[in-house]
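Q: Could we go through this model together? I would like to begin with the charged pairs and then turn to a ligand and a surface patch.

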Amino acid sequence: MGILKVENLKAYYMTDVYGTKRTVRAIDGISVEIKENEIFGIAGESSCGKTTFMKVLSGAVKPPLTVVGGKVLYNFGNGSLDILSLQKDELRKIRWKSISCILQGSMSVLNPVRKIYKTFRDFVEAHQKIEKKGDFMRQMRDHLGKLGLPREVLKAYPHHLSGGMKQRVTIALATIFKPSVIIADEPTTALDVIVQRGVLQLLKEIQKEQKNTIILVTHDMAVHANIADRIAIMYAGRIVEEAKAGDILENSLHPYTQHLIDSLPMIGDKSHRVSIPGVPPNLANPPSGCRFHPRCSSVMGICREEVPPLIEVGDRHKVACFLVSKESGDGK
Amino acid sequence: MVNNEKLLSVKDITKVFSIGGLLTGTRLTAVNEVYFEMGSANPEIFTLAGESGSGKTTLARLILHDIELTHGSIFYRGTDVTTIRNRKERMRFMERVQPIFQNPFETFNPLKRVDTYLYATAVNYGIAKSGESTDGVVDDALRSVGLSLQEVRGRYPHELSGGQLQRVSVARALIPRPSLLIADEPVSMVDASLRMSIVNLFKELKEKSGVSIIYITHDLATAYYISDRIAIMLRGNFVEMGPVEKVLSEPLHPYTKILKESVPKPVLGEKWKDKIELSTLEAKEFARVGCKFAGRCPSVMDICKKEDPKNFLLDERTVKCHLYAKQFKNSIL
Amino acid sequence: MISTIKNLYEHDRRFRFAFIVIIGIIIFSSLSFFSPYDPDSSYDVPSDQSPSIKYFFGTSSRGQDIFWKMTFAIRNSLLFGISTALLSRIISILVGLTAGYKGGIGDRILMSINDSFIVIPILPLLILFNFIFQEKMSLFLLSLIMACLGWAWDARLIRSQVLSLKEREFTRTAVYSGMKSLPITLKEHLPFVMPIVFATMINNMLWSMGLEVSLAVLGLSDINTPTIGTTIYWANQHQALVAGVWWWIAAPIAISTLLFIGLYLLFASLNQYIDPRTRLLRMGG
Ligand SMILES: Nc1ncnc2c1ncn2[C@@H]1O[C@H](COP(=O)(O)OP(=O)(O)OP(=O)(O)O)[C@@H](O)[C@H]1O
Ligand SMILES: Nc1ncnc2c1ncn2[C@@H]1O[C@H](COP(=O)(O)OP(=O)(O)OP(=O)(O)O)[C@@H](O)[C@H]1O
Ligand code: SF4
Ligand SMILES: [Mg+2]
Ligand SMILES: [Mg+2]
């Protein structure tokens with residue numbers, strides 16, 4: 001098996017504010033297997049549940065988010081480990097060392113009143129003993145150097161740094177322990193293209209060298225095109241298509257994926273791009289059957305009633321759409 | 001006044017920040033002698049692009065008069081906005097010029113429901129009077145960004161995703177029906193499919209409602225798609241400014257070239273090959289004499305490290321780079 | 001409100017303890033309304049009786065039932081502490097919010113006034129006021145004077161909090177929504193400031209009640225109004241400890257200690273509850 005196997009995962013936000021109950025079905029039946037040593041991209045529109053999925057994968061499940069069903073199994077080489085059944089301290093042991101997270105908006109982990117190197121020291125000390133201060137500083141400087149960050153940032157306060165620099169520092173923080181799995185949720189969304197390029201290339205290099213797995217969430221298909229080995233497309237809490245990056249980009253089968261790719265602008269092309277018609281689904285009250293059906297131009301009767309299964313159609317190419325499952329001969 | 005026909009004229013504005021303490025502190029010129037104009041006859045989308053820390057946000061805040069200029073002047077429809085003092089003038093200015101902020105997670109008070117800002121805007125600018133009509137105004141604004149009042153009503157910021165929040169923020173800014181929107185990276189947190197809907201919305205606002213937009217982004221693909229003109233910023237300076245087709249299709253400034261090359265393309269086989277030189281600490285580059293790009297520029301010459309290049313007018317645009325000094329003698333200031 | 005109390009009562013041990021103690025003391029002090037004796041009268045009962053079923057806390061050398069006497073004393077002390085704290089909170093919120101939000105010259109003027117109040121030595125000033133007002137010095141007047149002296153530090157704290165809130169982006173959203181400074185300060189910033197107000201409220205109540213005791217023991221307050229301090233003053237006047245009438249001193253000390261601990265725990269727990277960070281957690285952020 002791969003390093004990570006997710007089986008029919010369901011995670012809902014169940015809130016109860018002054019008596020009004022609301023269930024947001026942010027993850028609704030995701031199964032996926034991620035191989036070792038690959039960059040697995042996850043794309044999908046805003047609020048389709050990508051961040052929620054990453055929260056569950058990193059074991060950061062706390063109310064109102066509730067895992068309703070399914071398993072998240074990791075394999076760090078010593079048998080499979082269900083992260084959802086781990087106790088707090090067991091989780092703490094593998095967090096950052098085996099699984100490292102760069103979450104959306106995570107720049108706020110930098111303590112505004114502490115210099116960067118102190119934040120780094122606090123962070124490292126929370127996980128292991130620091131023998132010599134000098135060695136530690138040198139290590140940090142090396143590490144930052146590899147990320148293309150100047151050593152001066154160690155002496156700076158977070159507010160001295162621009163948004164881009166802060167995010168790079170956060171990424172540096174998350175890769176200190178050389179984790180086996182790096183979960184990166186929109187790590188470059190706030191960065192400019194030049195830094196984004198630098199950071200992505202670096203992530204890729206780290207990945208090549210340490211053979212760790214990167215789960216990269218971004219809604220930017222262009223980023224996936226550049227770095228991901230495989231791409232999964234999420235829509236309204238489910239995976240609708242999963243394949244090698246090339247297949248997704250050039251040979252996509254799901255109408256949603258096709259729309260997504262077609263809507264991308266490019267320099268040198270001013271022709272009108274349409275965004276996907278209709279409005280994004282409300283996960284508190286998702287559409288029946290295929291969740292994309294209200295916005296799909298090839299919708300059929302069955303799409304409104306039944307949930308299309310995610311089936312394999314080609315070389316590790318999976319699609320959840322009745323257009324495809326019909327063609328391939330088996331309805332279910 | 002001559003400025004009357006202009007929607008906005010920004011004249012040689014400079015902002016200097018003092019950072020650090022009294023003795024060890026340094027001065028950082030976050031915006032350096034920036035000059036540009038936007039006409040009012042034809043609404044336009046003017047893009048400010050550049051890497052982070054190049055002074056885009058600072059420039060936007062100067063135009064919004066959120067922070068004081070160090071020197072220079074800004075005219076909005078012929079009125080010097082740097083002299084606005086009383087609330088009435090300020091309200092009138094804000095009604096016409098509305099901002100959209102960079103970080104949707106910080107745009108709304110975490111302890112308040114997001115719809116309160118929409119209602120407040122509708123009521124304070126006199127767009128709607130009573131409860132019923134306010135709902136209508138708010139719902140219309142939300143629908144124009146692909147949301148609805150039903151989805152947003154009563155929800156706190158943390159209950160909405162980044163993309164949803166940013167759309168609420170755009171909706172709020174649209175409520176007073178402004179003639180200039182200053183959007184600071186409005187789509188950087190919004191996914192590709194909705195990004196196009198917001199970007200198309202900007203285009204529509206420009207074409208149908210005559211709203212001009214200053215669009216700040218580092219996403220050159222959408223910049224190319226919607227804008228008429230573009231200015232490339234580097235450490236406080238406009239290094240290249242002109243029609244977007246010219247600047248992005250055939251960039252002249254070495255920095256623009258690198259910027260363009262770094263835009264990832266959503267097609268196979270176009271992966272980056274060579275490694276990129278990242279900037280060192282920003283303050284250092286800001287403090288550089290001569291061209292701020294000299295430390296990273298592949299075509300750097302000796303003069304670049306000594307003298308600040310002038311603006312050269314060529315091929316419908318201005319370029320601030322020594323490479324073009326010999327070719328074109330007619331430098332403008 | 002009720003559900004908040006219920007929630008806290010169920011989940012916070014400190015709150016449970018403090019809640020019971022404070023409610024007990026409040027009930028005790030409101031018994032004063034049913035007292036068979038007038039608060040000012042003396043020689044109603046035999047003097048120097050040790051605590052017994054008949055006289056729970058014993059009687060004083062002035063022939064007063066200490067139990068009933070204490071109900072008045074606690075009530076007055078509590079009212080004194082609350083009014084001082086509330087009044088000074090109002091001043092510190094007003095000064096802190098205005099200085100923080102308005103900034104500029106107004107801020108500088110307010111802060112220099114503020115700083116003068118910080119450095120003023122309070123005890124000599126109170127003694128001075130006592131000499132000025134002499135007989136007219138009532139408990140309420142004292143509370144007013146102390147409120148005017150005890151707000152400065154807290155105003156500074158509030159101001160610095162507002163200064164940092166002002167830099168947050170949501171403040172700009174509020175500004176561009178056309179909100180005026182006052183609503184912005186009250187609706188956007190006050191919720192973040194409330195924890196400071198609560199935290200300082202306890203300090204201020206403890207401070208003012210403590211200072212009242214010191215003044216009264218020195219005979220420098222309105223000694224005819226029963227308070228915790230004046231009870232001890234009269235006990236000292238009659239050399240209660242020397243005479244072996246220890247219960248005259250023990251009662252006010254025991255009750256006030258309980259009250260102080262209760263107040264401290266109550267506010268510590270409320271403070272945590274109202275903090276925006278835990279508030280966000282409760283909302284699921
Ligand atoms: N704490 C919460 N309480 C209730 N609902 C929530 C909460 N957090 C997220 N949601 C909802 O869950 C859904 C999925 O949100 P999530 O943040 O996972 O989306 P996302 O795919 O990461 O979006 P984006 O690309 O905008 O970051 C959304 O409908 C969102 O409104
Ligand atoms: N209040 C301030 N005090 C001191 N320096 C500041 C201040 N605001 C901004 N700066 C500095 O000015 C420079 C320009 O910052 P600015 O935020 O305008 O860049 P930007 O182009 O918007 O970047 P980004 O793409 O990261 O948003 C940065 O180096 C920043 O650190
Ligand atoms: S002036 Fe020199 S260093 Fe600057 S961009 Fe032009 S060639 Fe490069
Ligand atoms: Mg997300
Ligand atoms: Mg910015």
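Q: What do the side chains of B:K206 and B:D228 form?
A: The side chains of B:K206 and B:D228 form a salt bridge, with N to O at 3.1 Å. A salt bridge here is a side-chain nitrogen of Lys or Arg within 4 Å of a carboxyl oxygen of Asp or Glu. This is a predicted model, in which local features need pLDDT of at least 70 and side-chain atom pairs count only at pLDDT 80 or more, while totals for chains, interfaces and linings use all residues; side-chain values use heavy atoms, without hydrogens and water, residues are numbered from 1 along each chain as its sequence is written, and chains are lettered from A and ligands numbered from 1 in the order in which they are written.

Q: Where do B:K206 and B:D228 sit in the chain?
A: B:K206 belongs to helix α8 (residues 192–209) of chain B, and B:D228 to the loop between α9 (220–226) and β9 (229–234) of chain B; the pair links distant parts of the chain, 22 residues apart. Helices (H or I, at least four residues) and strands (E, at least two) are DSSP runs, numbered from the N terminus.

Q: Is B:K206 buried or exposed?
A: B:K206 counts as buried, because its relative accessibility is 12%. B:D228 counts as partly exposed at 27%. Buried means under 20% relative accessible area, exposed over 50%, and partly exposed in between (1.4 Å probe, protein chains only).

Q: Which residue forms a salt bridge with B:K246?
A: That residue is B:D315, with the closest N and O atoms 3.3 Å apart. B:K246 is partly exposed at 23% relative accessibility, and B:D315 is partly exposed at 36%.

Q: Which residues are linked with B:K246 and B:D315 in a network?
A: B:E240 and B:R317 are linked with them in a network of salt bridges.

Q: How many salt bridges does the structure hold?
A: Over all chains, the structure holds 32 salt bridges. One of them joins the side chains of B:D135 and B:R153, at 3.0 Å from N to O.

Q: Now the ligand. Where does ligand 2 lie?
A: Ligand 2 lies between chains A and B. There are 18 residues around ligand 2, and B:S52, B:G53, B:T57, B:T58 and B:Q102 come nearest; a residue is counted as near if one of its heavy atoms lies within 4 Å.

Q: Which atoms lie 2.5 Å apart at B:T58?
A: They are a polar side-chain atom of B:T58 and an oxygen atom of ligand 2. Backbone atoms also approach oxygen atoms of ligand 2: a polar one of B:G53 is at 2.7 Å, and an N or O atom of B:K56 is at 2.9 Å.

Q: Which element gives the most to the shell around ligand 2?
A: α1(B) gives the most, with three residues.

Q: Last topic: which residues form the nonpolar patch on the surface with about 280 Å² of accessible area?
A: C:I105, C:I109 and C:I113 form that patch. Patches are made of residues with over 30% relative accessible area and no salt bridge, like charges being joined within 9 Å and nonpolar side chains (Val, Leu, Ile, Met, Phe, Trp, Tyr) within 5 Å. Accessible areas come from the Shrake-Rupley method with a 1.4 Å probe, and for residues only the protein chains shown count as cover.

Q: Which helix holds C:I113?
A: C:I113 is found in helix α4 (residues 104–119) of chain C. C:I113 counts as partly exposed, at 39% relative accessibility.

How values were computed: A polar contact is a pair of N or O atoms within 3.5 Å; within protein, one must be able to donate a hydrogen and the other to accept it, and residues adjacent in sequence count only if both atoms are side-chain atoms.
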